[in-house]
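Dear colleague,

Please find below the structure that I am handing over to you, together with its sequence. My notes on what was found in it follow directly after.

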Amino acid sequence: MSLSCQTISTRLGVLKLNGRGLLCLLVFTISVCGSASGLCPTACICASDIVSCTNKNLSRVPGTLFKFIKRLDLSYNRIAFLEPEWVPVLFDKLNTLIINHNSISSIITGSFSTTPNLKYLDLSSNNLKTLGSPLFQELRVLEVLLLYNNQITQIDSAAFGGLYKLQKLYLCCNSLSHFPLDLYIGKHKLTELVLLDISYNHIQSVPIQRVSLVPAKQLSGIYLHGNPFYCDCTLYSMLIYWYHRHFNSVMDFKNEYACVLRSDPKGSNKLPLLHDNFLNCSESTINVSFHAFGFIHEAQIGERLIVHCDSKISDAGTYFIWVSPDNRLLEPDKDTDNFKVFHNGSLEIMDPQLEDSGLYSCIAINKRRLLNETIEVRINVSNFTVNRSHAHEAFNTAFTTLAACVASIILVLLYLYLTPCPCQCKTRRRKRKLPQSSAHSSILNSTPSQDPPADEKKSSSGKRVVFLEPVNEPKHGQNGKVRLFPKETVIAESILKTTRAKSDSDSVNSVFSDTPFMPSS
């Protein structure tokens, strides 16, 4: 206000007014002069509905501010905490409040009850460490909230509860170690949030499968650069997908995305994440992320398929057109063969066939905002019956191979541990064969074997003795030889086992000796 109470009173003394005019002027004078809030504080600069009280060593809001201000700047002061009474007067027209570069370390619930119509709140460059719940529930029309360059390490899931109109949230340059997924999924999700800046924090991984559920309208505004990510193929494929979608969060800060190996937790050697495929990620891993984000869709022959056009400009007034692999235009309210396009951008394929596979393009056009976006989607149609038979054959082959391996192992174990004659028995059999041949040779040899000394008899081992029955056949026809075959009734009745001390060379005689064997008379 450019008029002061003294000026108005002076002018009253020089003007001649009638009764009605005097009464009106008196009411106006009382309304202006009777309110202390009509004056600009001496520590501030007032320009119409803007008040700037920067760098004035203030610890709270001046109580003499007029109520109709719309912008209040209290930056570079000594405000330490926010409580329900830190703003003494209700400012229902205030829509911009700037309190950056102070010493605010805590915010108590109800601190913004006297500023309910804020749309822009700047709390950056303070000493906030945690955000409890709920802190901003009175600010139901808040659109922009700046909390960057604090020391925030933890955010409660309900800290931003009630901010139904919040569109931009800046949490850059803090100490967050987890992705704030509750902003998109859960009871207190912010459906209007289109920009989330959590760059330059301490986040090492992102829940990609959960993040893939976020609509592209919100997904395109997530800024993650400057975080010490672990080198991971899934994260790489997600960022590559964002790059293909031309998300500004990746396009504008491509060089700021880096990662560290898990073997280097200190991050002494940061590697560029979006320059070439130095991670050597397989195509299958990348396709998994593309499936998760809706870039690749699988369909079976004859089974109805609906594909959504997940555009970042899918607000009211957006018109959608699909282009098939054979360059046919698919538009809403125009059914083409098996295809149908809905007004929300979804494409329906009522009876998919193998020839319907290919790369489809969804074009979103918003004439009011002069925006357009093209989203490419790959659809793969396959035959479930053929795939199932192939899978069954593969299963049979694998099962047969496994069964053969198990059977082989069992046979080997049986041979090693359950054989009726172990290896030791086999060695004993070999030792028995040699003395037996020696006994036969001694029978055929006419040279009498010399008896070993008594000491050698006791220590001998493995020696065999053969007893022969006398032969009662007539002497003629024998020709001085003994028949050793069964028909000749020469039978070895028993073999007695004794210990043997002599070497094999001493006990084995030539079987083919020419000396005739003469039976004793």
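Cys231 is buried, at a relative accessible area of 15%, where buried means under 20% relative accessible area, exposed means over 50%, and partly exposed lies in between (1.4 Å probe, protein chains only). Its sulfur atom is 2.2 Å from that of Cys259, and the two form a disulfide, the term being used for a pair of cysteine sulfur atoms within 2.5 Å. The link of Cys231 and Cys259 is right-handed, with 85° about the S-S bond. This pair links distant parts of the chain, 28 residues apart: Cys231 is in the loop between β14 (229–230) and α5 (233–244), and Cys259 is in strand β15 (residues 258–260). Cys259 also counts as buried, with 1% relative accessibility. Helices (H or I, at least four residues) and strands (E, at least two) are DSSP runs, numbered from the N terminus.

Please note that this is a predicted model, in which local features need pLDDT of at least 70 and side-chain atom pairs count only at pLDDT 80 or more, while totals for chains, interfaces and linings use all residues. Residues are numbered from 1 along each chain as its sequence is written, and side-chain values use heavy atoms, with hydrogens and water left out.

Further cysteines

The count of disulfides comes to five. One of them joins Cys309 and Cys362, with the sulfur atoms 1.9 Å apart. Because the torsion about the S-S bond of Cys309 and Cys362 is about -100°, this disulfide is left-handed. Cys309 lies in the loop between β18 (305–307) and β19 (318–323), and Cys362 lies in strand β23 (residues 358–366), so the pair ties together parts that are 53 residues apart in sequence. Cys309 is buried at 7% relative accessible area, and Cys362 is likewise buried, at 0%.

Another disulfide joins Cys44 to Cys53, with an S to S distance of 1.9 Å. The link of Cys44 and Cys53 is right-handed, with 105° about the S-S bond. Cys44 has a relative accessible area of 9% and is therefore buried; Cys53 is buried as well, at 0%. As for two other cysteines, Cys172 counts as buried at 11% relative accessibility, whereas Cys405 is partly exposed, with a relative accessible area of 42%.

Sheets and strand pairing

The protein has 11 helices and 26 strands. Nine of the strands make an open sheet in the order β1-β2-β3-β5-β7-β9-β11-β12-β13, with mixed pairing. Its edge strands, each pairing on one side only, are β1 (45–47) and β13 (222–223). Two strands are taken to pair if DSSP finds at least two bridges between them. Within this order, β5 (residues 96–98) and β7 (residues 120–122) pair in the parallel sense over three bridges, and Ile98 has Asp122 of β7 as its bridge partner.

Strand β24 (residues 371–382) pairs in the parallel sense with β17 (residues 296–300), over five bridges. There, the bridge partner of His297 is Ile379 in β24. With β23, in contrast, β24 pairs in the antiparallel sense, over nine bridges. Ile363 has Thr374 of β24 as its bridge partner. The hairpin of β23 and β24 has four residues between the strands, and Leu370 takes a positive phi near 55° in this hairpin. Strand β23 is also the strand that holds Cys362.

Surface and overall figures

The protein exposes about 31500 Å², and carbon and sulfur atoms supply 56% of this area. Accessible areas come from the Shrake-Rupley method with a 1.4 Å probe; for residues, only the protein chains shown count as cover. Of the 521 residues, 35% count as buried.

A nonpolar surface patch of about 1300 Å² is made by Leu402, Val406, Ile409, Ile410, Leu411, Val412, Leu413, Leu414, Tyr415, Leu416, Tyr417 and Leu418. Patches are made of residues with over 30% relative accessible area and no salt bridge, with like charges joined within 9 Å and nonpolar side chains (Val, Leu, Ile, Met, Phe, Trp, Tyr) within 5 Å. A salt bridge here is a side-chain nitrogen of Lys or Arg within 4 Å of a carboxyl oxygen of Asp or Glu. Leu418 is in the loop between α8 (384–417) and α9 (423–444), and it counts as exposed at 62% relative accessibility.

Finally, residues 24 or more positions apart account for 62% of the contacts in the protein with a separation of 6 or more, a contact meaning heavy atoms within 4.5 Å.

With kind regards
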